[in-house]
Amino acid sequence: MHKKQTFWRGVAYAFLLATLVAMLSACGATAPPPAEPSANDAPAADEAADTASADTESADTESAESSSDDAMASDTSAQESPMLAEMVAAGELPPLDERLPVNPVVVEVIEELGTYGGTWDMAVTGQADANGATSYSHEPWVIYDDTCSEWKPNLAEAVEISDDGKTFTFTIREGHKWSDGEPFTTEDIMFWYEGIAMNPEVSPSPPNILMAGGEPAVIEAIDDYTFSVTFAEPNGLFLPDLAFVFGDNIQTYPAHYLKQFHADYADADALAALVEEGGFEDWVQLISAKLDANVATNPDMPTLRAWKLTDIGPPWIFERNPYYYKVDTAGRQLPYIDQWRLQAVEDGQMVTLKAIAGELSYQARSVSFTDLPLYMQNQDQGDYRVIKAPTEHPLGLTIFPNQNYAGDDEFMKGLLEDIRFRKALNLAIDRDELNELIYLGENGDVADAFPLLADEPELFAHLTYDPDAAKALLDEIGLETDSNGMRLNPDGDPIVLSLDVFSGQSYMDGSQLVASYWEEIGLQTSLEEISYDLWWPRIDSFEYPMTAYVKDSIGGLARYVYLRSYAPVSSSSYWGPAWGTWYQSGGTEGTEPPADSPARKAQELFDEAKVTVDSARQLEILAEIERLDLENVWEVLTVGTGSNIKIVKNNFRNVPDVNYCVLYDSDAWAEQYFIAQ
Amino acid sequence: MARYIVQRLLYAIPTLIMISLVSFAIIELPPGDYLSSYIAKLEQQGSRVSQSELEALQQRYGLNQPVYVRYWKWISNFVRGDMGMSFEWNRPVKDLVMERIGLTALISLLSTLFIWAVALPIGIYSATHQYSLSDYLFTFIGFLGVGIPDFLLALVILWWAWSTFGVNLGGLYGPEFIGEPWTWPKVMEVVKRIWVPMVIIGTAGTAGMIRTMRANLLDELPQPYVESARASGLSETETVLKYPVRIALSPFVSTVGWMLPGLISGTTIVAIVLSLPTTGPLLLKALLSQDMYLAASFIMLLSILTVIGTLVSDILLVLVDPRIRFDDVQAG
Amino acid sequence: MSLLSRPAGNKKVPIPVPEEKLKEGTPKEQVFVASQWQLMWWRFRKHHLAILGTSLIAVFYLLAIFCEFLSPYDPNAFERRYTFVPPQAIHFFHEGVWEGPFIYGLERARDPETYLITYQPDTEVRYPVEFFVQGDSYKMWGLLESSRHLFGLSSDVNARGLRIYLLGTDRLGRDMFSRVLYGARISLSIGLIGVFLSFVIGIFMGGISGYFGGMPDLIIQRIIEFLRSIPTIPLWMGLSAALPRDWSSLQRYFAIVLLLSLIGWTGLARVVRGRFLAVREEDYVTAALLQNASEARIILRHMLPSFFSYIIASLTLAIPGMILGETSLSFLGLGLRPPIISWGVLLQEAQNLQTVALAPWLLIPAIFVVIAILSFNFMGDGLRDAADPYKR
């Protein structure tokens, strides 16, 4: 007995010791946090904030001398973050005017000029979510205004379009620098163009953004700050595509950092050593891993964004970029916030709890609209506010009857292709009830998402609730009913519609509701929830009869970048995937829609829009495509757009209460958020 | 003895080869691959992946190669100690696993200790007071722990702690300690929180333990040697604790080997709800996103530990309980 | 990853009890002539919790078998005017006057600020609870068509929308009481069918292994070791992902049960093997061998019965493992999915803070799970205590 106990105690100690060692070494491995800017010590700053505002020029030196005195941190007259001022004073960083471009971007703040410092805490559910979250600091070449119709330069100082719409000349800001202080020039663009985009080893085919008229564009560097992109055909959708947060891009990669990983530039032996050391098979794998388009896995890569990754997570830590190229209206360098930190949680519910507990400064990802009552109730205790930002994308639950159904049920195929059947499915839905039950009654009408067709209400006639009309249509098709009113197929069995539902509770709940409406008109539905990993193979097979997801509805010209929901132009045009694949692949895969069919017409209109330079004409074409969509009842539509929920700490300011064009999942103005002292 | 161990190790080789095939097959079985789940995930975020990007990714991850090529690449590297790269994290699998293994082992160990501390006394008490009211009561409490689904219990505890005390018990420490060095307050913070998973995981395990202990002890109590110990004037407590309990414990010693894989994987569900950075959620996510090398290497690692654990158990069993001869365990 | 607890009891030998206790209340000679089952029953009766557990299980299975009739509503019927209704109280007295069972009307209000839905009883209106009412039509066991329900509000009231919600409603206004009953049918049968299948496989494999020994034993032991070496969650995921896509939900359900038992038989096989090893050496087996009895006869007539009761006990203890396994898999999103209703599905839907904080009655299925698992455990405990009455 005694012996055994000793043995056990020994084992226990050994484990504990090993664990402790492991834990300690683990935290030793991650870089020690840099000396925190004292702005974090909120209590000390409270009073100082009011009294110190008169003090001006001495800000830099003073905070450099005593890092615990953060009086200046809350002073809106400081031109740069005290954290950087300190480094400048210590000679580790050039002064502000050498770091800013000659012509920095001036950002209009949303509420007021901010104070520097602080940490923006967010929660993510893992690496994939962290990658997605980096869209908050996306820097597109151009951005669109609220209406999605007018663009203005952002990363570019200017963009000029030739009269024929084929050549786009971009100007980079003189003196614009990477986060490590190296200049950002056309050399970086040419490195991407020659070394990455057009290099068949790294990119088996050139990126879509460069393609027009079946040929890749030619990029030329005119001087250090000017380059031109020339397409074979006029490219009317080039700029909306560039602006779109999730779109393709003329990538900005730091050539001075990446060249060491590229066979065309690097010394062969040194490169071979790097490949070997990283455990890669060849240099292509190596550079692919380093490119890191998501900017959340490679802390070594310099960036142009407001914050630069310094620690790979969890937690992922981004520190302010001292060379960031934007200033506020008072000429003070942005971003206001020093550090952006993505805490890791393992489950969405923990995001909810952290938000309620006030541990997150600003959170919109993984925040579910249906939890609104919970968030509202705990506002005071958690010291946060709930921003309900109306969003223009996407529409509520949408069901896509697959009109390219490739399964072996001929009868079902006939039904899905019959416009009367699709109309009946639409007419059967009680949209008010669905809105109430699934979306807290908050979503708008479908028609609101079609501003271009506002004066053609007859297009939306099938979006009313009229089960009798639906039954009449089914009678007209010739579907017999049994004694319970269930519709029968030619074999005399009740018809069962099978519906694949995208993974997620609101999709599943909504689909169950829809299934019950269809039962009212005599159609049974069998639902299946399709998990992430199985979704794509399922869509790709074209064998699903119907699928439930959402319809995209980004507004204005930007709707073209997500046209898949309106015309069969992509393999994810769920109601016509074979046609979409045909279009997308340039005719090598999928099926060609019959000539003169509405689907083909929609594709041709898209072709036309691409080579149209005049944006008014582009909107006209868009209206025509939308009209085709509604006239032919390509989808079963339920309700319109709703709101996004943002949980924002009360001292976290300058957060807009709308979602802007294009950037539906993110916020373009994160750099001017600030934390009030 | 040495011959027995060698023989067992030889048997383990074909088993491990089979397991490696199956671990890989598990990742290959579902339709699609990492890219298809990657695309679907981006899809949900609103992103698009172009055909050219897709081709580049396929090439980069080697997903366009035939299955047997990928299997061979993986297993030959694995044998050399290279577990491959995770697609999603863009980091070596080894780093990802090592980062989380310490905490996982700590939590598993603590909950095991908790189970023993609770279950053994109750088991002994129940056996010596069979069919008494307290026997029923303790057994009831023990079973209650098994019956409550642990994910729900964890969530309810989280909410209760927040709504009553205003404390968010999720995670290993509060947000104010993120990135801080391991100072005393931080260690204390961890100690303050770690009882939650310990108790939740522990409650699920106590019932089985109580039941086994009670039954084993009931077996021993009527034995003649207990009678003679009692007759020789030992107090009742001494009589029970000195011999029968000792023998009743021996099966537990043999299960220590089985704890080995559990130490690094036993906490998936509770860890997900409580947001603890253990290995379980990592594996689950890897499986869901078909992050091939991360999942396969992880499964392989667990399986090897299980095989070793079984061997350790069997050897311990022989060492602890001389009544068992090698013949009996040879095949088991 | 011990997600599914394997059939327990693999290292335990039956519990002896002093003979005096055994004979209490029964004449001595009766014990000697009693059949094995009678002896078991006498022993079993002594375990009060086991009796209680068994009765509860019987009640649960009755509820599950007759759920169409016992539940007042279609479990999938939603009602937008009555989402998140807390459990309703049944009253008998109105202002001190006996009225028989009735419920008050409900007034629904939604806070425009917080979106929180609240209900106030409207004591002006009273709806009597009636028995054998007409309601949603159903097909009992898929055969008998009917629309009678054990209880409910009279049908004209139903038409106006007010319903009786004993356990409240969920986010879509579905009656939780009906859902729990329908869930019981799936959850309780998963345990039974799954355990039955593992039982068959386990006895077969364990029997071969233990009786023949040698090469078959070696191979089967390797298979067991192999199955136990693969972590459960990945194995489960791989297998369930390999199910054909076009299977109906019912087919998938059976496939899932089958998979559970394909993984779960190993524990039992080890027990059976151990028993065979032990019994093989007993005198009566040797005697049978000497009489040239066939192997099948020896196994089925002589060896199996000697520990059959014991196996039943360990099977009973395996059922709760299956029930819990189902809830865990649903939590992980790998098990049954809506629109199928099981306790696991109900708990998975309740697994969010909103529910815990604002609609805690949606956690009620957990109570049913706990009671079912406790009952099975107590029953199994009692059975095992009683399993071997001849034990010295």
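## Starting in the sheet

His91(C) sits opposite Phe102(C), a residue in strand 2 of chain C. Keep in mind that you're looking at a predicted model. The strand facing strand 2 here is strand 1, and the two pair in the antiparallel sense over three bridges. Strand 2 covers residues 97-110 of chain C.

Now zoom out to the sheet. Four strands of chain C make up an open sheet, in the order 1-2-3-4, with antiparallel pairing. Which strands are at the edges? Strand 1 (91-94) and strand 4 (144-153) of chain C, and each of them pairs on one side only. On average, neighbouring strands in this sheet are turned by 60 degrees against each other, direction ignored.

## Chain C as a whole

What else is there besides strands? Chain C has 15 helices to go with its four strands. Of its 392 residues, 46% are buried.

How do the parts of the chain meet?

Chain C has an average pLDDT of 78, and 84% of its residues score at least 70. For the complex, the predictor gives an ipTM of 0.84 and a pTM of 0.83.

One stretch calls for care. Over residues 1-25 of chain C, pLDDT stays under 50, though the model has 65 contacts beyond four places in sequence for this stretch.

Notes. Residues numbered from 1 in each chain as written. Chains lettered and ligands numbered in written order. Predicted model: local features only at pLDDT ≥ 70, side-chain atom pairs only at ≥ 80, totals over all residues. Buried ≥ 20, exposed ≤ 12 C-beta atoms within 10 Å, placed from the backbone. Pairing = 2+ DSSP bridges. Axes fitted to C-alpha atoms, helices over the stretch in contact; angles between N-to-C directions. pLDDT = per-residue confidence, 0-100. Contact = placed C-beta atoms within 7 Å.
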